[in-house]
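Colleague: I am new to this structure and would like to learn how to read a helix and a sheet in it. Could we look at them together, one at a time?

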Amino acid sequence: MTTALPTSIRTPDATAIAEAKALLQAGACIGLPTETVYGLAADACNDDAVAKVFAHKNRPDFNPLIVHVGSLDQAAELVELPPLAHTLAEAFWPGPLTLVLDRTEGCPVSLLASAGLNTLAIRMPAHPVARQLLQESGLCLAAPSANPSGRISPTTAHHVASQLNLPIVLDGGPCDVGLESTILRVDGNNLTLLRPGGLAIEEIEAVCGTPVQVLDKPSKITAPGQLLSHYAPSKPVRLNADTVSADEALLAFGEPITGAKTCLNLSSEEDLTEAAANLFAMLHALDGKTCSGIAVMHIPETGLGQAINDRLHRAAAPRDKVRDAK
Ligand code: TXA
Ligand code: MG
């Protein structure tokens, strides 16, 4: 039995980083800022530590986790890197791109972290605090988003501390990207999108000159473990609103429609990067207001709009689909 201590938010100075490193080495989980969303991090090579991640998140089953590394050399110990993966890593790491690659023979990552698959999802985060911790500890860190299963992903240390009980959350400020990483399966010369995210497909295709196969509709489950109702606020969410009622909260994009009880604007300039960075924090904020539901204005389906719409469709999915969608 672990004692439930209130989560402590810490400025990531040398002392806090050293404590976080010691906790990870001892098999504990911590809250870690990344440029996409905050992660619930544990030593990926320690089965017990990885099991604690699932326990903290209260995940309905053992979905595979993303493993975070501090260098390309470290990645090469864990996964096979075909030339196309090298090209992608050189172009986009550190950054919001996760590659699903074959595990190397003798890959030390816990099988539980990849749910027994012979592939591993791996990325090199760009946030300076994550980079410092990865490089100083030499660990590779399994880190799903630091929210209980089915809830909105955290983009501030406060979101983490209000949802999970952890010994430390390192406070790296609000996440720059604000959406989880784009997940890409690299199989030889074939690229398949498993989850739209913080890096637009157009950018990937421009670098590789290879088309990315998209198997996915925004509301379908693609990467194993993606539940339909996944990024769910507790209030009902209504999409593509062109009118709003007086008891609803409005999540606007561009010029807000009038009449809502309360309103936050993802981007008054219709800037999709700004909208992505604001998405989860604004859903958290509106979910905390007294209102009957959250109406969301239309978001275009280009660039990061694809990932934003994917998260919004999940936020709006009927809650009784959670089990069906597994
Ligand atoms: O931005 C992010 O990626 C954040 C930050 C913390 O890095 N992490 C994150 O992790 O979003 P998580 O656990 O919430 O999402 C992991 C996704 C799941 O949808 C899972 O099914 C997929 O990655 N995944 C993991 N390993 C996989 C594999 N071997 N094959 C296919 N999908 C995999
Ligand atoms: Mg998540």
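**Reading a helix and a sheet**

Modeller: Let us begin with helix α2, which spans residues 47-57 in this predicted model; its residues A49, V50, V53, F54 and K57 are buried.

Colleague: How are the buried residues of α2 placed when the helix is seen down its axis?

Modeller: The general idea is that an α-helix has 3.6 residues a turn, so residues three or four places apart point the same way. In α2 the buried residues fall within an arc of 150° around the axis, and therefore they line one face of the helix. That buried set packs against β3, residues 39-43, whereas the exposed residues D48 and A55 sit on the face turned away from the buried side.

Colleague: Which residue caps the N-terminal end of α2, and which residue follows the helix?

Modeller: The cap is N46, with a side-chain oxygen that lies 2.9 Å from the backbone nitrogen of D48. After the helix comes N58, whose phi is positive, near 55°.

Colleague: Turning to the sheet, in what order do its 4 strands run, and is the pairing parallel or antiparallel?

Modeller: In general, strands of a sheet pair through backbone hydrogen bonds, in either a parallel or an antiparallel way. Here the sheet is open, with the order β12-β15-β13-β14 and parallel pairing. Its edge strands, β12 (237-238) and β14 (262-265), each pair on one side only.

Colleague: How many bridges join β13 and β15?

Modeller: Strand β13, residues 249-252, pairs with strand β15, residues 294-296, over 3 bridges in the parallel sense, and the bridge partner of A249 in β15 is I294.

How values were computed
Residues numbered from 1 in each chain as written. Chains lettered and ligands numbered in written order. Predicted model: local features only at pLDDT ≥ 70, side-chain atom pairs only at ≥ 80, totals over all residues. Heavy atoms only, no water. Pairing = 2+ DSSP bridges. Helix = DSSP H or I, 4+ residues; strand = E, 2+ residues; numbered from the N terminus. Buried < 20%, exposed > 50% of the residue type's maximum accessible area, 1.4 Å probe, protein only. Arc of directions from axis to C-beta. Contact = heavy atoms within 4.5 Å. Polar contact = N/O pair within 3.5 Å; in protein donor to acceptor, adjacent residues only side chain to side chain.
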